[in-house]
Amino acid sequence: IQREILLSIFPEEEASKYQDKLQVIFGDIKEENFGIGLGSFQELAAKTDAVYHLAAVTNLGSSLIEARENNLQGTLNVLSFCHASKENQARKSPIKLFHVSTAYVAGTKTGVFTPEDLDISVKFKNGYEQSKAEAEAAVRGSGLDFMIFRPSMIVGSSYTGKTSAFNIIYLPAKLVAKGLFKALPAIGSTPVDLIPVDYVADAIVEISLNQLSTNERNFHLTVGVNRESSPIEIMECLFDVLKDHKKVSQIATQLLPLVPEDLVYKAASGFSSAFIEVEKIISKRLPILQQIFPLVPYMTSNPRFDSSATEKVLKSTKIKAPQFRDYGEKIFNYCLDTNWGKKAWSNPRNLKEWW
């Protein structure tokens, strides 16, 4: 299993170097002691110096109960693990927790949201956001030595476009590419903060390994204020790629029109009559809107995320958050080259891999 994991990330030569350094332990963060038994739990805690907590349910359509079970209870179990490690008398230095949250703990707040801002009493768009906010609050109140990282909407590699998850913007893009939309249920100028997975990974590693260079504990891994994309820009990028793949003739000869703003806002707010009306406008087949409904609020209104603290820490490195316009075509080329993940990818554009 170690080799399989490494080969999903690195070429064979690199994977071989690190295979013996990786140990896989099967457990479940939702369960007490991770489901591995108290003895194994304590033994593992005693020899752990740092924890990178990334496990989460990210489905925007999850119920609050399901989201809390994974994202909040899972985090509470990770905190218990860290406290078990902290209490080990043989430890020379305190355990460090690096917790991956989300920028969307902002909920429905508008304006500029800073990494320090957190209010679990605000209204959230869904159970995912609320459960992640509650989990982050638990980390902040844990008394542990922690850092919190908040990515925005993560997409594929900015180098190759490669992704392992076709969610968030990928779902409506796929439906558009297949000609199932007649109009787009979005406010065209809405700021959409997209960030490539390679930037998120590189920033987390760099900041966590060089934490002595900063007193900050909270970091937005976002493209930043006034550098966001928008539904219009994303759609334009997708159509450019579709043209290159000679697929535009199958769906449309011009960009899709937008649904009237008042209807989009009402549908996003849960008005059933508006939902039905928007469905009639956008789809050739039913129920298209129902499939992407959890995404609609993000296409109508978003906060903007202050990333200045992150930029300050990374200033002396080569790690910079790229704008979607600079790599978006790679994202959609990968989708079409692999038929949205259904077939193997051979890197036909001979793009230079990040390694």
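This is a predicted model: local features need pLDDT of at least 70, side-chain atom pairs count only at pLDDT 80 or more; totals for chains, interfaces and linings use all residues.
The account begins at the surface. Ile-1, Ile-5, Ile-9, Leu-22 and Phe-26 together make a nonpolar patch of about 460 Å². One of these residues, Leu-22, belongs to the loop that runs between α2 (12-18) and α3 (38-46). Leu-22 has a relative accessibility of 31% and therefore counts as partly exposed, since that class lies between the limits of 20% and 50%.

The loop between α2 and α3 also holds Asn-33. The phi angle of Asn-33 is near 55°, a positive value in a residue other than glycine. With a relative accessible area of 18%, Asn-33 is buried, because the class requires a value under 20%.

At least two lining residues come from each of β1 (50-53) and α4 (64-86). The strand β1 gives the most to this lining, namely four residues. By class, the lining of the second largest pocket comprises 14 nonpolar residues, four polar residues and one charged residue.

Rolling a probe the size of a water molecule over the atoms shows where empty space is left. In this structure there are two cavities of 30 Å³ or more. The largest cavity has a volume of about 220 Å³. Among its 15 lining residues, Ile-169, Pro-172, Pro-231, Ile-234 and Met-299 are the closest to the centre. Both α6 (170-177) and α8 (231-244) supply at least two residues of this lining, and α8 provides the largest share, with four residues. The lining of the largest cavity consists of 15 nonpolar residues, with no polar and no charged ones.

The second largest cavity has a volume of about 40 Å³. Its lining includes Thr-160, Lys-330, Asn-333, Tyr-334, Asp-337 and Arg-349. Trp-345, Asn-347, Pro-348 and Leu-351 also line the second largest cavity. The residues of this lining divide into four nonpolar, three polar and three charged.

Trp-340 is found in the segment after α13 (328-337). Although Trp-340 is not a glycine, its phi is positive, at about 60°. The relative accessibility of Trp-340 is 8%, so this residue counts as buried.

Definitions and conventions:
Residues are numbered from 1 along each chain as its sequence is written. Side-chain values use heavy atoms; hydrogens and water are left out. Patches are made of residues with over 30% relative accessible area and no salt bridge: like charges are joined within 9 Å, nonpolar side chains (Val, Leu, Ile, Met, Phe, Trp, Tyr) within 5 Å. Accessible areas come from the Shrake-Rupley method with a 1.4 Å probe; for residues, only the protein chains shown count as cover. A salt bridge is a side-chain nitrogen of Lys or Arg within 4 Å of a carboxyl oxygen of Asp or Glu. Buried means under 20% relative accessible area, exposed over 50%, partly exposed in between (1.4 Å probe, protein chains only). Ala, Val, Leu, Ile, Met, Phe, Trp, Tyr, Cys and Pro count as nonpolar, Asp, Glu, Lys and Arg as charged, and the others, Gly among them, as polar. On a 1 Å grid over the protein atoms alone, a cavity is a set of points where a 1.4 Å probe fits but cannot get out, and a pocket is an open set with protein on both sides within 12 Å along at least five of seven lines; lining residues have an atom within 4 Å of a point. Grid points are joined across faces, edges and corners, and a volume is the space filled by probe spheres set on the points.
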